[in-house]
Amino acid sequence: MSLILLFIVPFIGTLLGSAAVYFFRQGIGMKTGKAVTGFASGVMIAASVWSLLLPAIDESSYYTAAFGFLCGIAFLLVLDTIVPHIHATAVKAEGRSSGLSKSALLMLAVTLHNIPEGMAVGAAAAAAVASEGAISYASALALSLGIALQNFPEGLVVSMPLYKEGKRKGRAFLEGTISGAVEPIGALIAFLFVTILSSLLPFLLSFAAGAMFYVVVEELIPEASEGEHSNIGTIGAAVGFTVMMLLDGIFG
């Protein structure tokens, strides 16, 4: 039951965020959007360091952590190239078209974004159940809660544009929720993989950190800093980083 909780908490964050489409008529404003995007950036950076990279280094070495980190970035770079994925900023800046609506592209972007988060939770859960694990269950739960916090605005960011395009609220809620379904699936796969090949735990922890870092630099930071009021995104990032750091410190 405790493992199931770790796996589903981030998904619940997406579900609740998607459900907010029932309560917001006009969506979230530009300033609020920048704040929550910056917050998500801060959470993911802090989680990459305290919850993933440092335990990986403790379990192996700086070299293993560095290699896994770069492999995680390379993995997302390849995935980002193969999947017809264009985040909202790129759509505006480059004017490219993939045959998909902007809301569909955004849903695809968030779904892609959620893959490394699920991997991170699964790897942390495997470390928590291992004998003399590098990560305590409380620390793994802190990581899961931190990801759930930043998944809440993501769910709304997906469901609200779908509603504005004319889809019913129920359909917009469902599609927003689906964007987070990859997280528990990714968590389970990563958990089983590490359980079978426990020697790869440090690598997978740092791999997940690299993948999350790529998402932050490629997706979230450009979105938070675009146009006016970029300082709001910076403040949000600082708050998110601090919250995740405290969560890991308190629960870890």
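**Helical organisation of the predicted chain**

Among contacts in the chain between residues at least 6 apart in sequence, 86% link residues that lie at least 24 apart. The model from which this value was computed is predicted. The chain contains 10 helices and 0 strands, and its pattern along the sequence reads α-α-α-α-α-α-α-α-α-α. Of the 252 residues in the chain, 49% are buried. The chain exposes about 11,500 Å², and 70% of this area is supplied by carbon and sulfur atoms.

Two packed helices are described by the angle between their axes and the distance between the axes. For helix H6 (residues 137-164) and helix H7 (residues 169-178), the axes come within 8 Å and cross at roughly 150 degrees. The crossing of H6 past H7 is right-handed. On the H6 side, the contact involves Val158, Ser159, Leu162 and Tyr163, which meet Lys169, Ala172, Phe173, Glu175 and Gly176 of H7. Classified by residue type, this contact of H6 with H7 comprises 5 nonpolar, 2 polar and 2 charged residues.

When neighbours within four places in sequence are left aside, serine 41 is in contact with Val216, Leu220 and Ile221.

Technical notes:
Residues numbered from 1 in each chain as written. Predicted model: local features only at pLDDT ≥ 70, side-chain atom pairs only at ≥ 80, totals over all residues. Heavy atoms only, no water. Axes fitted to C-alpha atoms, helices over the stretch in contact; angles between N-to-C directions. Helix = DSSP H or I, 4+ residues; strand = E, 2+ residues; numbered from the N terminus. Left-handed = near helix turned anticlockwise from the far one by under 90°. Contact = heavy atoms within 4.5 Å. Nonpolar A, V, L, I, M, F, W, Y, C, P; charged D, E, K, R; others polar. Buried < 20%, exposed > 50% of the residue type's maximum accessible area, 1.4 Å probe, protein only. Areas by Shrake-Rupley, 256 points an atom, 1.4 Å probe, with all protein chains shown as cover.
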